[in-house]
Amino acid sequence: MMFKRSITLAAGLAVCSIASVQAAVTAEEAKQLGKTLTPMGAEMAGNKDGTIPAWTGGMKTIPPGFDPKKPHLRPDPFANEKPLFSVDAKNMSQHADKLSDGLKALMQKYPTFRIDVYPSHRTGAWPQYVMDNTAKNATRCSTEKGGVSINRACYGGYPFPIPKTGNEVMWNHILRFVGHSYGMNSTSWVVDSNGTPALSSNNVVQEEYLYYDPKRTEVDGDYFWRYKHKTFAPARMSGEALMLVDPLDPTVQKRKAYQYLPGQRRVKLSPNLSYDTPSPGQGGAATMDDAALFLGPQDRFDFKLIGKKEMYIPYNNTKMVVDEKNCPTEKVLMKNHYNPDCLRFELHRVWVVEGTVKSGVRHTSPKRMFYFDEDTYGAGLGDNYDASGKLQRVLWMAHLPAYEVPAQSSEGYGAYNLNSGVYVVSNVHIGNGMYPIAPLDAREWAPEALVGEGVR
């Protein structure tokens, strides 16, 4: 009797396990990649109106003036283009189907807010090994444990080029290719409702996607990404350092977060630096998982894939990093919002995902909408709603082509709080572009290394 009950229990667990695994696409479906779909799974063809071009390989040509010694200041390949039109509160009804609720709310609230829409360019391009691994991932990669983790077969490419669920789209965003190992000068500003900007952090950042190591065929260990920065400004934060390491399976391994605070003179674990904890580097104006539209484990939300549509999103924003003459810091940080003159929008197809907080779990934004660019999963928009269903925070993320990698560097990021009138922007000023670096030695990723790096 006991034996029979054990078999029944085992069978039940097996059914549950199978049910929690989202299978990969069939080999027949995967054949679309490189034919009707791009190597990353976007629609190869343009749209019927001719306002979205066909993807023809992305941008790999290096524009004149590129200095390999200054890759963070890449020349703008579209510097001579002018906006096709602008959208603001006066004409937003004509473009309503291509605007997120967040953009509409900003237009209605601030008469000076607008978006300038430029010709669309599908600049997304990747190294050959990333495209090859993406093709392999199509049939070998699957989600597990309700979508919050992925199996160990996934490696070195977008995990789900033909996504079927919201979790798969979120994984494509989290594992979008920016480069294997790179550095960046990251600057964040918080602008209060009176229009007064305050430097919230100036950091030197180093990031490494273990998942994209071209010398390997699988992830070394249980983590796919590690990040650290040391802070130089403002003066009250100078000397601080932070390290984050994110796992493939957050149900087994949690995010590793370490902080070094000069006043305490020790490295401490900071497990609370995740989910909806206010981000210390952004003055608390955004949460930890607001970064880059969404960053962190997916286990607190149910993610529903709504579908795909055409929308205006920030795109090809080299201008915000290199145009020191027309877009200096003192000009871009306007009262209520970022200067529209310095942020480029284009029409692109986006994946729409709705996030709803799970039953029994809390989050300050229990409902979230995401709009991810179909080509790169980097650029896009996000709308955060509070518990009453009211739109409370509007997020945006821009990218620019790192043509020499090639990659799409997801850099500029912003969040508008509609209730307080405060907004934050990160990585949108001169000299903030990413640059490839050699992978750091393992000793430099040890928590103890933060001590030496954090000394003033």
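I began at proline 234, which sits in the loop between β7 and β8. Helices (H or I, at least four residues) and strands (E, at least two) are DSSP runs, numbered from the N terminus. A cis peptide bond joins alanine 233 to this proline, with omega about 0°.

The model is predicted, so I noted the limits: local features need pLDDT of at least 70, side-chain atom pairs count only at pLDDT 80 or more, and totals for chains, interfaces and linings use all residues. Residues are numbered from 1 along each chain as its sequence is written, and side-chain values use heavy atoms, with hydrogens and water left out.

Proline 406 belongs to the loop between β15 and β16.

I then checked positive phi at residues other than glycine. Lysine 145 has a phi of about 55°. I placed it in the loop between β3 (143–144) and β4 (149–150). Its relative accessible area is 39%, so I logged lysine 145 as partly exposed. My scale was: buried under 20% relative accessible area, exposed over 50%, partly exposed in between (1.4 Å probe, protein chains only). Tyrosine 275 also has a positive phi, about 50°. This tyrosine lies in the loop between β10 (266–269) and β11 (301–314). At 16% relative accessible area, tyrosine 275 is buried.

**Strand β16 and its partners**

Next I took strand β16 (residues 407–417). I counted 11 of its 11 residues as buried, so the strand is largely enclosed by the rest of the structure. I followed its pairing, where two strands pair if DSSP finds at least two bridges between them. With strand β15 (residues 391–402) the pairing is antiparallel, over 9 bridges. Methionine 397 has tyrosine 413 of β16 as its bridge partner. The two strands make a hairpin with 4 residues between them.

On to strand β17 (residues 423–426): it runs antiparallel to β16, joined by 4 bridges. Tyrosine 416 stands opposite tyrosine 423 of β17. This is again a hairpin, with 5 residues between the strands, and glycine 421 in the turn has a positive phi of about 80°.

**Nonpolar cores**

I used this rule: a nonpolar core is a set of buried Ala, Val, Leu, Ile, Met, Phe, Trp, Tyr and Cys residues joined through side-chain atoms within 4.5 Å. The largest has 58 residues, and Trp126, Tyr211 and Phe224 touch the most other members. Helix α5 (residues 166–174) gives the most to this core, 4 residues. Apart from this core lies another of 45 residues, including Cys342, Leu343, Val352 and Val394.

I looked at the cover of α5 and found 9 of its 9 residues buried. Among them are Glu168, Asn172 and His173.

I listed contacts (heavy atoms within 4.5 Å). Setting aside neighbours within four places in sequence, tryptophan 126 contacts Met40, Trp55, Lys60, Met131, Tyr158, Phe177, Asp375 and Pro406.

**Glycine 102**

Glycine 102 is in helix α3 (residues 101–109). Its relative accessible area is 0%, so it is buried. Beyond four places in sequence, glycine 102 contacts Asp383, Leu391 and Val394.

I worked on a 1 Å grid over the protein atoms alone: a cavity is a set of points where a 1.4 Å probe fits but cannot get out, a pocket is an open set with protein on both sides within 12 Å along at least five of seven lines, and lining residues have an atom within 4 Å of a point. Grid points are joined across faces, edges and corners, and a volume is the space filled by probe spheres set on the points.

I found 3 cavities of 30 Å³ or more.

The largest pocket holds about 750 Å³. It is lined by 42 residues, and Ser186, Tyr227, Gln282, Ala291 and Leu295 lie nearest its centre. Elements giving two or more residues to this lining include α5, β7 (223–233), β8 (241–247) and β16.
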